Amino acid sequence: MSDALEVLNQVGKWKASGKGVAVATVITTWGSSPRPVGSQLGVDDSGAMVGSVSGGCIEGAVVQEALAAIKDGKPRLLDFGVTDEQAWDVGLACGGKVQVFVEKVG
Amino acid sequence: MKIETLAALQDSRTKRRAVTLATRLSDAAEALVYLDGATGALAGDTAILSAARRAMAIGRSETVDLGGQKVFLNVYVPPARLIIVGAVHIAQSLAPMATLLGFDVTVVDPRGAWATDNRFPGMKIIQDWADEAFQAMGLDVSTAVVTLTHDPKLDDPALEAALKSDVFYIGALGSRRTHAKRKERLAEAGITEEQFARVHGPVGLNIGAKSPAEIAVSILGQIIEVKARRLEALAGPKVVAA
């Protein structure tokens, strides 16, 4: 739970300094997944990150979607996993599947 | 996530108040659900409120399907507390390591020479006898207590007070011989064998730890294990989402 607070606090600091910020949250997992439901990644408009939603395998793709969400303000639901062929490039090596919700803060 | 929501989550954390953030996935509409109330755009949705409170009771975040609307329930429970009795050398490793693990750490020692900001930079320190300090803090089911002083007049009252509460973990530093003597002393104070069995002693996992830092790792390994098993038992078998 310390990481939850770490993400919230950093996101708060980014917002206070006038940055655009998005938060990505693991909302469902199937099989073995590196981070539990509720894990969060905060992203600012320069692409800086705090926290994590995987062991590092999908963060790159999530940051891209987060930057898009900061721009257009729309929430996004992302699926990652080995059964999704298109997501294989950024997929989870461990064979798990995760669903990540991305939304703009503020 | 609204900026007011972020502020409310941080505020709840400071006040050690449990809260669940419900977010509708279609439009990111929110409700902050507390045990005794709710705020936000979805706060009037009784199905969401009851699902959020159930998730809070078992301490597990999840996505639920409520009559066709998918809602993510993110449970924020206050972090587990670790109270370290004895501002000794091992405590100087244990306190920062436990902080890194997300524990809300307090060091308790009535001896002013030991319980100093210099020895424990940035740590919460209470210069008082453990039983007095416990009374002020209020021991609860999300608290762990570890005694490290080796001194019966400091450790024993702490263990006695901890055993009378429902803390999830109690550990006491000391050899098997020390632990056996401790058991005899506490028996005289009215602690039964069954009650005493809650005390982990010699404290920590048996990993051959020698240095203060290694002993801290063995203690934290044991606390993590006890905490995880307890939560598993509370939550029951994991339901796989459809």
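Domain bounds here come from an automatic or database domain assignment. For chain B that assignment gives domain 1 (3-76) and domain 2 (81-230). The C-alpha centres of domain 1 of chain B and domain 2 of chain B are 34 Å apart.

This is a predicted model, in which local features need pLDDT of at least 70 and side-chain atom pairs count only at pLDDT 80 or more, while totals for chains, interfaces and linings use all residues. Residues are numbered from 1 along each chain as its sequence is written, chains are lettered from A and ligands numbered from 1 in the order in which they are written, and side-chain values use heavy atoms, with hydrogens and water left out.

## Chain B as a whole

The secondary structure of chain B consists of eight helices and eleven strands. Helices (H or I, at least four residues) and strands (E, at least two) are DSSP runs, numbered from the N terminus. The C-alpha trace of chain B spans about 60 × 40 × 35 Å along its principal axes.

Chain B has 242 residues, and 45% of them count as buried. Buried means under 20% relative accessible area, exposed means over 50%, and partly exposed is in between (1.4 Å probe, protein chains only). Accessible areas come from the Shrake-Rupley method with a 1.4 Å probe, and for residues only the protein chains shown count as cover.

A contact means heavy atoms within 4.5 Å. Among the contacts in chain B with a separation of 6 or more, 55% are between residues 24 or more positions apart.

Thr106(B) is in strand S7 of chain B and is buried, with a relative accessible area of 4%. Leaving aside neighbours within four places in sequence, Thr106(B) is in contact with Leu82(B), Ile83(B), Ile84(B), Lys124(B), Ile126(B) and Met137(B). Thr106(B) and Ala31(B) are 75 residues apart in sequence, and their C-alpha atoms are 33 Å apart in space.

Asp109(B) is in the loop between S7 and strand S8 (124-126) of chain B. Its relative accessibility is 0%, so Asp109(B) counts as buried. Not counting residues up to four places away in sequence, Asp109(B) touches Gly86(B), Ala87(B), Trp114(B), Ala115(B), Ile126(B), Gln127(B) and Asp128(B).

## Salt bridges

A salt bridge is a side-chain nitrogen of Lys or Arg within 4 Å of a carboxyl oxygen of Asp or Glu. By this rule there are 16 salt bridges over all chains.

| Pair | Closest N and O atoms |
|---|---|
| Arg16(B) and Asp104(B) | 3.1 Å |
| Glu160(B) and Lys164(B) | 3.6 Å |

Glu193(B) is exposed at 58% relative accessibility, and Lys183(B) is partly exposed at 33%.

Arg16(B) forms a salt bridge with Asp104(B). That pair links distant parts of the chain, 88 residues apart: Arg16(B) is in the loop between helix H1 (3-14) and strand S1 (19-24) of chain B, and Asp104(B) is in strand S7 (residues 104-108) of chain B. Arg16(B) is partly exposed, with a relative accessible area of 24%, whereas Asp104(B) is buried, with 16%.

In the remaining pair of the table, Glu160(B) is partly exposed at 22% relative accessibility and Lys164(B) is exposed at 64%. In chain A, Glu65(A), Asp72(A) and Arg76(A) are linked in a network of salt bridges.

## A nonpolar surface patch

Leu205(B), Ile207(B) and Val217(B) form a nonpolar patch on the surface, with about 240 Å² of accessible area together. Patches are made of residues with over 30% relative accessible area and no salt bridge; like charges are joined within 9 Å, and nonpolar side chains (Val, Leu, Ile, Met, Phe, Trp, Tyr) within 5 Å. Ile207(B) is in the loop between strand S11 (199-200) and helix H8 (212-235) of chain B and is exposed, with a relative accessible area of 52%.

## The interface with chain A

The size of an interface is often given as the accessible area lost when the parts come together. Buried area is the accessible area (1.4 Å probe) that two parts lose on being put together, summed over both. Chain B and chain A bury about 2,000 Å² between them, 66% of it on carbon and sulfur atoms. In chain B, the residues that lose the most area to chain A are Met1(B), Arg13(B) and Leu25(B), together 29% of what that side buries. The contact takes 29 residues from chain B and 25 residues from chain A. Between chain B and chain A the count of salt bridges is zero.
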